[in-house]
Amino acid sequence: MKTRKVLAGIAAIGLALSLAACSGGTRGGTTTVDNTAGANKGALVGVAMPTKTSSRWIKDGDAVKASLEKLGYKVDLEYGDDKIPNQVQQISNMLTKGAKVLIIASIDGTALSDQLDQAAKSGVKVIAYDRLINGNKNVDYYTTFDNNEVGVQQATSLLTGLGVLGADGKDTGAAGPFNVELFAGSPDDNNATFFFNGAMDTLKPFIDKGVVVVKSGQVGFTQVATLRWDPATAQKRMQNLIASTYSDGSKVDGVLSPYDGLSIGIISALTSSGYTANALPIVTGQDAEAASVKSIVAGQQYSTIYKDTRLLGEEAVKMADDLLNGKTPEVNDTKSYNNKVKIVPTFLFPPKVVTKDNYKALLIDTGYYTEADLK
Ligand code: BGC
């Protein structure tokens, strides 16, 4: 999209007054941001994060804010407490305050259309952060990890933990059958289906052969999804599965969990139902949250997926800075992320599997955590 000059004189003053007058509202301006190099020194950037209940988003928010400030931008960093109306209001407020770029990790990827339309009217660029925003053309760029690959890695590590795949990734010929239960993330988060589909494509051949058995029969995304990624919901579902499907004395051998917070809930359900800490099923995860890494080191959770939030944060800031200086951000994927209206140009990072064997190299040697963080 072409950059346009901010209207000068009376019109601009009028707009400033009208924006000030509608503080907290959703009404937008009609002028546009000047994106020529240097024009946005010290400009305000709005950063909307979903929740503080998961430490990854706190790391993301901190990293984005610090990098923006280093470049001299002002930052309005807000957390939506996993409530859609909060996030809608926060983004409206950012626009009212005159933010020139929005970096958004959405709670519901379809709920922000009014705000995006308003942003576009004023020439404010929108970067979808980690989670794609769906159903609106005014999503300019997207940066995330390869979400399909996250699911592939989760399922692969589940199969490795069960002994179905060897360390070389090859089928060991283990016959099982291994009882596995599946969990997916929040249905309103675009990533959740990517994770689940990547995992199911990987598990399917083993389910088809009968090596892996989903004893509950719950294999559809909607059956296994967890609204708002809520750990308590996953804990309850795991408890119910144990009480129903496994009341015949059979054991759960593995659980596909898409996020560390859910893994913690799932493990609590297992231990409170009689599984001992040293005989837990293979449980996967995602985000390398400190609590889960500690659990992995203690031999409880089996694996997690490390997504270096520092890289993602830096990339989003680079995109914002480019956009504010009339440059075209670099992307490395122009086919995977169709938001139902258009394919959003994306910069993807690779995720990595973490287990007890490699956590030091991946998480401590890289400075993501200190030893003390994981004590
Ligand atoms: C993120 C994951 C995270 C999940 C729950 C997803 O959108 O990509 O990293 O585990 O949200 O917060």
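This report describes a helix pair, several salt bridges, an annotated domain and some backbone features of one predicted model.

## Basis of the description

The model is predicted, so local features are described where pLDDT is at least 70 and side-chain atom pairs count only at pLDDT 80 or more, whereas totals for chains, interfaces and linings use all residues. Residues are numbered from 1 along each chain as its sequence is written, and side-chain values rest on heavy atoms, with hydrogens and water left out.

## The annotated domain

The UniProt record, an unreviewed entry, places the feature "domain: Periplasmic binding protein" at residues 45-327; such annotations may be inferred rather than shown by experiment, and their positions are given here in the numbering of this structure. Within this span, 45% is helix and 14% is strand, where helices (H or I, at least four residues) and strands (E, at least two) are DSSP runs numbered from the N terminus.

## Helices α8 and α9

Helix α8, residues 231-244, packs against helix α9, residues 260-272, at an angle of about 35 degrees, and their axes lie 7 Å apart. The axes are lines fitted to C-alpha atoms, for helices over the stretch in contact, and angles run from 0 to 180 degrees between N-to-C directions.

On the α8 side the contact (heavy atoms within 4.5 Å) is made by Pro-231, Ala-234, Gln-235, Met-238, Gln-239 and Ile-242, while the residues from α9 include Leu-262, Ile-266 and Leu-270. The contact residues of the two helices comprise eight nonpolar, six polar and no charged, with Ala, Val, Leu, Ile, Met, Phe, Trp, Tyr, Cys and Pro counted as nonpolar, Asp, Glu, Lys and Arg as charged, and the others, Gly among them, as polar.

## Salt bridges

Side chains of opposite charge can pair when their charged atoms come close. The whole structure holds 14 salt bridges, each defined as a side-chain nitrogen of Lys or Arg within 4 Å of a carboxyl oxygen of Asp or Glu. One of them joins Lys-204 to Asp-208 at 2.8 Å, N to O; these residues are four apart in helix α6 (residues 190-208), which means that about one helical turn separates them. Lys-204 is partly exposed at 47% relative accessible area, and Asp-208 is exposed at 55% (buried means under 20%, exposed over 50% and partly exposed in between, with a 1.4 Å probe and protein chains only).

Asp-81 and Lys-83 also meet in a salt bridge, at 3.2 Å from N to O, and here Asp-81 is partly exposed at 44%, as is Lys-83 at 42%. In the salt bridge between Asp-308 and Arg-310, at 3.0 Å from N to O, Asp-308 is buried at 11%, whereas Arg-310 is partly exposed at 29%.

## Backbone features in loops

Most residues other than glycine have a negative phi, and most peptide bonds are trans. The bond from Gly-176 to Pro-177, however, is cis, with omega near -5 degrees, and Pro-177 sits in the loop between α5 (147-162) and β6 (178-182).

Asp-287 has a positive phi, near 105 degrees; this residue lies in the loop between β9 (282-283) and α10 (290-297) and is buried, at 8% relative accessible area. Lys-340 likewise has a positive phi, of about 80 degrees, and belongs to the loop between α11 (309-324) and β11 (346-349), but Lys-340 is exposed, at 63%.
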